[in-house]
Each structure stands twice: as C-alpha cells, then as structure tokens.
Amino acid sequence: MKSTVYNLLSALAPLHYDNLTYCHKQSLKILNRFSGQHKRFHSLMGKDPVHLEKRMVDGQYLPPWFSVAPMMDWTDNHYRTLARLISKHAWLYTEMVVAETIVHQRNNLDRFLAFSPEQHPIVLQLGGSNLENLAKAAEFANAYSFDELNLNCGCPSGKVAGHGCFGARLMFDPKFVADAMSAIAANCSVPVSVKCRIGVDDHDSYNELCDFVYAIVSNSPTRHFIVHARKALLSGLSPAENRKVPPLKYEYYFALLRDFPEVQFTINGGITGIDQVNAARRQGAHGVMVGRAAYNNPWSTLRHVDSAVYGIPTSSLSRRQILEKYQMYGDSVLGKYGPGKPSIRQLVKPLLNLFHSEPGNGLWKRKADAALRRCK
C-alpha cells in the first residue's frame, strides 16, 4: 500500500459550487437542536477524547443536518475513513448489513461492524425481515457503540426486496416494521431510525405514507425517518433507474413535517450539493442526506459541510495531506483479515474520485490504475 500510494502522490501535479424548488410553500422553523435522543452520555469504550472533542459540543454530537447515505459496496470502512478526513461533522452511514450475516458471523463480527473511533458520528444500517435475527443483530452491534441503528425499508433491489422480502417491500407491512423497530430498540442503547421511500408500486398516496409513519411512531420508539422522496417500483426498474425514473415529490416530505411535528425527518433524493442542502434546510428540513454525489465527488461535496452547514471552520487539510493520512490508514489495515483482505484495489477505490472534474483528473486515474497493476 505504501509504495502504491507513494507513487501516486509523487506523480501528482498540483490540481488547480440549482437550488431546490419545492411544492411545499410553508417554511418551517429550522430546529436549533436535534432530538435529545442523540445525546451520547455513555462511554465510548475508552476512545481517545481528543478524537471525540472535534465532533462533540457540550457532550453530544452535532445534529445530523448533513449525512452520507448508506450505499452497498461504497460506504465501507475505507470510504468512511476518507470522508471523515474531509468533514468532521457529517453523519456517516455504513453499508446495509443483513441481520443474518451478523448472527451467523458472530465469531467474526469485526469484519462487518468494526470501525475506527474517528468515524463517529456513525449509523449502522440493518437489513432483514426476521424479528429474532434483527434483535440479535442489534444486540451484537450494540457492543460497537454506533450512534444510531437504522432499518432499511427503501432498497428496491430484487436481491433485497424480492428474495429476502425486506428493503422497500417492508413498507407493505408497517405493523411488522413497528415490531422490528421495537425489537431493535430493546436490544441496543442508541436511537433507532427507518430509511424508507414515499411509497411502493401503486401504494404511493400521501395517506398511505402517513399510515406507514403513524403505525411505526405509535407502536415503537422510532422518532427519526430518512425519506427518499421517490416511490420504489419493484418490477420493471433496476435499482439505478429507481433512483432516477420515479418523480421526486418533495411535497410529501414537507407535509410530513407539518403532520408529524414530534418526529424528525431527513430528506433524501436528488440532492447533490451544499447549495441544495442549505436550501432544503431553509425550507425547514430537519436533515439532508446526500448519496452518490458524496462518493463520486467527495472533495467538492464534503469539504464545505462543516463550515456551510454547521458553521464550524472546515478542515485545513489539502488533498495531498488527506492522501498522506489515508496512506497511513491503508498501511494499518492491509491484509488485516487475511492475505489480500482488504486488497490494495479496495483501499484505493475511494480515492479515485478525489479530483473529480478537476484538471488532471484523468491523469490521476490513469496513474492510479497503472500503479495498481504493477503492485504486488
């Protein structure tokens, strides 16, 4: 890893920000503080307080006004390490981890659940449709001190919604989701949340969305929903098409703010930059979640979060300094789980978009690819 990144750094030449339009016209007062459920009074397993004070104010993390979405094969430990080097206050989500994986790999949990203390605040997203396994997974995950546990009720992938009957398909059964959230909450010491769509297939009316939220809020401790403002179509569209084809209906989201004032809602879908994040928050959004833009263009998307969203000075690290720090991380985890696990290519993958849309970006990627091909 060291020689690979060193070669990339040595070859690197110096490399020289659509507001959202909402149908909801009533601006709601922006919350000054997120729900008290996010206070972190319990010990963080003896973690170095120097790391924590960078992201904590008066003993608690700043609210999730900005978060990076859970993305399979993308928001792994390596990407989260890079993201935290750029932004100290963005909330980071793991990839979805299936409850059965945690239960069946209970002797190998570090591989799926371990993370460095610098990644706080961090949310674990669970997937599943078995109450017993979800409860056990929450119990095992609790030992890792995540800051929130989230249940995936929004993924339209056939592998998830079809075979496992979870993901977006769970929106057809709000009673089960309420039971699942109660089971998860009963087995962890942190807040719980649901990530969902505004509807599924032809069950896409606002009243049905309200019924879903009401059933969960009334029958579980859940008080935080991340709402992707598109419905999911389980047949005929790929996951990628489900992120683009169904129309965005932000008015559903803002109506939820009006109709469920005791609940916190984070908006997701179609938001790609800090200007749009702040526009949504001015309209009253409790929080904003950004997905692929934060991965495909991490520097431009994340570097203004601390200052523009949280009003706190941004990191002074240059991209070269970030690469140097990431190199030290890579050296520390290379081969941690056996020969080639993780591989150098897996470690370098999040770095490839660090110079997105910048002069020299193509050269950067070519040199990275060449170095990876030579590396043994």
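Two rings of Phe, Tyr or Trp (for Trp, the six-membered ring) form a pair if their centres lie within 6.5 Å; planes under 30 degrees apart count as stacked, over 60 as edge-to-face, and the rest as tilted. Keep this rule at hand for the exercises below, and remember that the model is predicted.

**Exercise 1.** Work out how many aromatic pairs the rule gives in this protein, and classify the pair of Phe115 and Phe146.

*Solution.* Applying the rule gives ten aromatic pairs. For Phe115 and Phe146, start with the distance: the ring centres are 4.8 Å apart, and the cut-off is 6.5 Å. Next, take the angle: the planes stand at 45 degrees, so the pair is tilted. Now place the partners. Phe115 sits in the loop between α5 (110-113) and β5 (122-127), and Phe146 in the loop between α6 (131-142) and β6 (148-153), so their pairing ties together parts 31 residues apart in sequence. Finally, check burial, which requires under 20% relative accessible area: Phe115 is buried at 14%, and Phe146 is buried at 2%.

**Exercise 2.** Classify the pair formed by Phe355 and Trp364, and decide whether these residues are buried or exposed.

*Solution.* Centre to centre, Phe355 and Trp364 are 4.9 Å apart. Their planes make an angle of 65 degrees, and the pair is edge-to-face. Both Phe355 and Trp364 are buried.

**Exercise 3.** Find the residues that ring pairs link to Trp74 in a cluster, then look for arginines over tryptophan faces.

*Solution.* The cluster joins Trp74 with Tyr79 and Tyr295. Over the face of Trp74 lies Arg292, 4.8 Å from the ring centre. Turning to Trp65, you will find Arg281 over its face, at 4.0 Å from the ring centre.

Key: Residues numbered from 1 in each chain as written. Predicted model: local features only at pLDDT ≥ 70, side-chain atom pairs only at ≥ 80, totals over all residues. Heavy atoms only, no water. Helix = DSSP H or I, 4+ residues; strand = E, 2+ residues; numbered from the N terminus. Buried < 20%, exposed > 50% of the residue type's maximum accessible area, 1.4 Å probe, protein only. Lys NZ or Arg CZ within 6 Å of the ring centre and 35° of its normal.
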